[in-house]
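My entries follow in the order I made them.

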Amino acid sequence: MAYIDPVQASPKNYKTLLENDHVRVLEMTLKAGEKDQVHSHPSETAYFVKGGQVKIHLGNGEVVEADMPDGHVMWHEEW
């Protein structure tokens with residue numbers, strides 16, 4: 001599957017805070033009940049400023065539901 005940049009796929013939900021040859025830092029904001037557009041995830045670290053219920057649709061068709069607390073930090077391989 002070709003890479004789908006989240007900032008290009010969902011410009012209203014993502015903002016680039018920092019990008020250089022080593023790192024890319026994005027801010028993502030979703031309101032309760034709002035859905036995001038399909039996009040790719042390289043290996044990443046995510047920090048949830050404000051937590052909540054999330055439903056993540058993985059590339060293999062699997063769906064993961066979780067309750068993320070405020071301040072939760074998550075790292076995962078590319079999906």
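**Salt bridges**

I began with R24, which forms a salt bridge with D5, the closest N and O atoms being 3.0 Å apart. This pair links distant parts of the chain, with R24 in strand β2 and D5 in the segment before α1 (6–9), 19 residues apart. I note that the model is predicted.

I then checked how exposed the two partners are. R24 has 29% relative accessibility and counts as partly exposed. D5, at 14%, counts as buried, because it falls under the 20% cut-off.

I ran the search over the whole structure, and four salt bridges came back.

Next I looked at K12 and E34, whose side chains meet in a salt bridge with an N to O distance of 2.8 Å. Here too distant parts of the chain are linked: K12 is in the loop between α1 and β1 (14–19), E34 is in the loop between β2 and β3, and they are 22 residues apart. K12 counts as exposed at 68% relative accessibility, whereas E34 counts as partly exposed at 26%.

I also recorded E27 and K15, whose side chains meet in a salt bridge at 3.7 Å, N to O. E27 sits in strand β2 and K15 in strand β1, 12 residues apart, and the pair links distant parts of the chain. E27 is partly exposed, with a relative accessible area of 34%, and K15 counts as partly exposed at 48%.

**Largest pocket**

I turned to the largest pocket, which has a volume of about 1,900 Å³. It is lined by 45 residues, and Y14, M28, D36, H39 and H41 are the closest to its centre. I sorted the lining by class and got 21 nonpolar, 14 polar and 10 charged residues.

Which strands supply at least two residues each of the lining? I found β2 (24–28), β3 (44–48), β4 (52–57) and β6. The largest share, six residues, comes from β4.

**H76**

I finished with H76, which lies in strand β6 (residues 72–76). Is H76 buried or exposed? Its relative accessible area is 9%, so I logged H76 as buried. The side chain of H76 is joined to that of E44 by a polar contact of 2.7 Å. Leaving out residues up to four places away in sequence, I listed H41, P42, S43 and E44 as the residues that H76 touches.

Technical notes. Residues are numbered from 1 along each chain as its sequence is written. This is a predicted model: local features need pLDDT of at least 70, side-chain atom pairs count only at pLDDT 80 or more; totals for chains, interfaces and linings use all residues. Side-chain values use heavy atoms; hydrogens and water are left out. Helices (H or I, at least four residues) and strands (E, at least two) are DSSP runs, numbered from the N terminus. Buried means under 20% relative accessible area, exposed over 50%, partly exposed in between (1.4 Å probe, protein chains only). A polar contact is a pair of N or O atoms within 3.5 Å; within protein, one must be able to donate a hydrogen and the other to accept it, and residues adjacent in sequence count only if both atoms are side-chain atoms. Contact means heavy atoms within 4.5 Å. On a 1 Å grid over the protein atoms alone, a cavity is a set of points where a 1.4 Å probe fits but cannot get out, and a pocket is an open set with protein on both sides within 12 Å along at least five of seven lines; lining residues have an atom within 4 Å of a point. Grid points are joined across faces, edges and corners, and a volume is the space filled by probe spheres set on the points. Ala, Val, Leu, Ile, Met, Phe, Trp, Tyr, Cys and Pro count as nonpolar, Asp, Glu, Lys and Arg as charged, and the others, Gly among them, as polar.
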